[in-house]
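Dear colleague,

I am handing over the structure below, together with some notes on what turned up when I went through it. Please read them with the coordinates open beside you.

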Amino acid sequence: MLHRLAATIALTLGLAAPAHADTLVVSAARMVDVERGRYVDNPVVVVTDGRIVSVGTAVPADLPADARRLDLPGLTLLPGLIDMHVHLASTPYVSGWNELDYADDFGAILQVGHARANLMAGFTTVRNLGGPDFADVALRQAIDGGFVEGPRVIPAGASFGATGGHCDQTGLPRSFARANPFNADGVEAARLAVREVRKYGAQVIKVCATGGVFSRNTEPGQQQMSLAELTAVADEAHMWGLKVAAHAHGASGIADAIRAGIDTIEHASLIDAEGIRLAVQRGTWLSFDIYNTDFTQATGTEFGTTEDNLRKDREIGQLQRDNFRAAHRAGARMVFGSDAAIYPHGQNARQFAVMVEYGMTPAEAIRAATWNAAQALGRERDVGAIVAGRYGDLIAVSGDPLADVRMLETVPVVIKGGEVVRDAR
């Protein structure tokens with residue numbers, strides 16, 4: 001990060017930026033092969049100009065003289081983690097009607113610190129699925145330009161769904177007349193919404209197929225977009241080369257989202273046997289956020305969450321976890337999505353232990369946040385594994401994460417694009 005800032009300053013002042021390649025050599029006690037769920041002893045990873053150029057067990061003889069070295073004795077290397085569902089502009093400490101006490105740009109300011117918290121926790125890539133319109137696009141630009149520190153952000157720009165649905169602005173009287181400007185009522189409106197949010201910088205499309213827990217005047221099980229509307233969204237997005245994520249708690253909405261060709265199903269709380277069958281048959285990725293109910297039920301109404309929202313959370317929390325187990329047993333493809341902002345950013349990794357409690361092995365849980373997530377993003381050439389050609393995004397932890405996945409809750413070393421952004425050994 002700092003060398004990119006230096007290059008930017010040099011260009012601004014009319015100075016020549018250094019032309020030589022920047023190389024980092026990382027060695028550790030062992031490395032997790034996330035594809036196979038096994039260890040590689042004594043790895044040596046070479047990163048040049050942000051990309052991994054070699055992975056072996058010996059230091060190459062032809063390293064440049066100015067190559068930097070990072071030796072991590074006793075630590076285990078993993079790829080940088082990927083969280084497929086965060087809300088960087090939201091905080092659990094301001095919820096419900098309390099949000100009206102804050103200025104419109106409050107969340108856009110918060111997201112800078114939240115992005116850094118995700119990165120310091122080892123999440124070097126995050127998919128932002130909702131917040132102030134296009135604030136996440138601006139954040140991605142600021143991070144990529146080296147102006148602020150954070151993970152690789154894949155922005156949804158603006159989420160949308162049906163008028164009066166979870167993605168709309170609900171709960172206020174008509175005199176306030178607030179609405180999501182991208183509400184998609186009907187097939188043509190759905191196609192137009194995809195085109196508009198893509199136009200302004202969205203790199204993934206986020207729709208709300210059903211009601212939600214933390215919205216007002218909606219129930220999680222309600223289907224709110226039709227099969228025809230969801231199909232229009234998926235077809236339009238895929239034509240433009242974008243993936244689609246569907247917020248979907250209810251069984252019918254989940255099934256129709258899968259039938260429509262949606263790429264990832266978010267929450268999937270009330271998925272039934274038919275939904276699981278469809279997901280397995282079509283290879284749809286499921287993203288269950290199965291930790292956050294612990295935080296919401298423990299804090300209750302302390303930060304403004306309404307009792308009605310807590311009621312919905314109580315009603316589906318255990319069902320979601322049981323359905324996670326059922327979907328995993330059936331062989332459904334799964335990714336790691338925490339819904340960070342429902343609980344504090346930077347605590348994302350607490351979900352790993354719950355995934356293991358409800359049926360995954362530690363290797364499977366780690367794969368959900370690395371190898372699987374990269375495939376679901378369509379970015380398997382960039383992230384998700386320690387492989388030559390991908391970004392030099394690495395983390396290092398102590399202990400044995402394939403035996404105790406809680407080791408990922410404390411990440412002392414984080415490397416993004418060959419830059420050491422955290423070293424707290």
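For the helix pairs that follow, axes are lines fitted to C-alpha atoms, over the stretch in contact, and angles run from 0 to 180 degrees between N-to-C directions. Please bear in mind throughout that this is a predicted model.

The axes of helix α5 (residues 227–239) and helix α6 (residues 251–260) come within 8 Å of each other and cross at roughly 40°, which makes α5 oblique to α6. The crossing of these two helices is right-handed, and it brings Leu-227, Leu-230, Thr-231 and Ala-234 of α5 against Gly-253, Asp-256, Ala-257, Arg-259 and Ala-260 of α6. Sorted by class, that contact has five nonpolar, two polar and two charged residues.

Helix α6 also pairs with helix α7 (residues 273–282), where the axes come within 9 Å and cross at roughly 20°; because angles under 35 degrees count as roughly parallel, α6 and α7 are roughly parallel to each other. This crossing is left-handed, with Ala-255, Ile-258 and Arg-259 of α6 meeting Glu-274, Gly-275, Leu-278, Ala-279 and Arg-282 of α7. Four nonpolar, one polar and three charged residues make up the contact.

Notes: Residues are numbered from 1 along each chain as its sequence is written. This is a predicted model: local features need pLDDT of at least 70, side-chain atom pairs count only at pLDDT 80 or more; totals for chains, interfaces and linings use all residues. Side-chain values use heavy atoms; hydrogens and water are left out. Helices (H or I, at least four residues) and strands (E, at least two) are DSSP runs, numbered from the N terminus. Angles under 35 degrees count as roughly parallel, over 145 as roughly antiparallel, 65 to 115 as roughly perpendicular and the rest as oblique. A crossing is left-handed if the near helix is turned anticlockwise from the far one by less than a right angle, and right-handed if clockwise. Contact means heavy atoms within 4.5 Å. Ala, Val, Leu, Ile, Met, Phe, Trp, Tyr, Cys and Pro count as nonpolar, Asp, Glu, Lys and Arg as charged, and the others, Gly among them, as polar.
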